[in-house]
Amino acid sequence: ALIFYSLLFQTKLVPRWLSGWGLIAISLHVMAGVLSMFAVIAEFSTVHNIMNLPIFLQEMVLAVWLIVRGFNPSVTSSNWTVHAPLRAVET
C-alpha cells in the first residue's frame with residue numbers, strides 16, 4: 001500500500017490530498033503493527049483500532065472516488081502513447 005499510494009502521489013492519477021491521506025494512513029497502520037508486534041499496545045485494543053481507522057476510511061473514499069470520478073484523464077492520455085504494431089521484417 002505504501003508503494004501504491006506513493007505512485008498515485010507521483011503520477012497524480014487521483015488528487016494529491018487523497019494519495020497523501022493514504023500515505024499518512026498507511027504509516028499509522030504500519031506503526032500500529034510494529035507497536036503491537038513489540039507488545040507496546042494490544043492487538044485489538046482501542047488505540048490499535050484508532051490507528052487503523054484512517055486507512056479503513058481512506059480505502060473506502062478511494063473506492064468511491066474511483067467508481068464515481070475515475071483516474072485523472074489528462075494524466076493518462078498525456079503519458080501514454082500509442083505505437084503502431086510491429087511488422088515482420090522479411091530477410
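Residues are numbered from 1 along each chain as its sequence is written. In this predicted model, local features need pLDDT of at least 70 and side-chain atom pairs count only at pLDDT 80 or more, whereas totals for chains, interfaces and linings use all residues, and side-chain values use heavy atoms, with hydrogens and water left out.

The protein chain holds 4 helices and 0 strands, where helices (H or I, at least four residues) and strands (E, at least two) are DSSP runs numbered from the N terminus. Read from the N terminus on, the elements follow the order α-α-α-α. Of the 91 residues of the protein chain, 23% count as buried, a term that stands for under 20% relative accessible area, with exposed meaning over 50% and partly exposed in between (1.4 Å probe, protein chains only). Among contacts (heavy atoms within 4.5 Å) between residues at least 6 apart in sequence, 57% join residues at least 24 apart.

Helix H2 (residues 16-37) packs with helix H3 (residues 46-68) at an angle of about 150 degrees, and their axes are 8 Å apart; axes are lines fitted to C-alpha atoms, for helices over the stretch in contact, and angles run from 0 to 180 degrees between N-to-C directions. H2 is therefore roughly antiparallel to H3, given that angles under 35 degrees count as roughly parallel, over 145 as roughly antiparallel, 65 to 115 as roughly perpendicular and the rest as oblique. By class, the contact of H2 with H3 has 16 nonpolar, 7 polar and no charged residues, with Ala, Val, Leu, Ile, Met, Phe, Trp, Tyr, Cys and Pro counted as nonpolar, Asp, Glu, Lys and Arg as charged, and the others, Gly among them, as polar.

The largest nonpolar core consists of 8 residues, namely Tyr-5, Leu-8, Val-14, Leu-18, Ala-25, Ile-26, Ile-55 and Leu-62; such a core is a set of buried Ala, Val, Leu, Ile, Met, Phe, Trp, Tyr and Cys residues joined through side-chain atoms within 4.5 Å. Helix H1 (2-11), H2 and H3 each supply at least two residues of this core, and the largest share, 3 residues, comes from H2. When residues up to four places away in sequence are not counted, Tyr-5 touches several residues, including Ser-19, Ile-55 and Leu-62.

Most residues other than glycine have a negative phi. Lys-12, in the loop between H1 and H2, has a positive phi of about 60 degrees although it is not a glycine, and Lys-12 is partly exposed, with a relative accessible area of 44%. Ala-39, in the loop between H2 and H3, also has a positive phi of about 60 degrees, and Ala-39 is exposed, with a relative accessible area of 64%.
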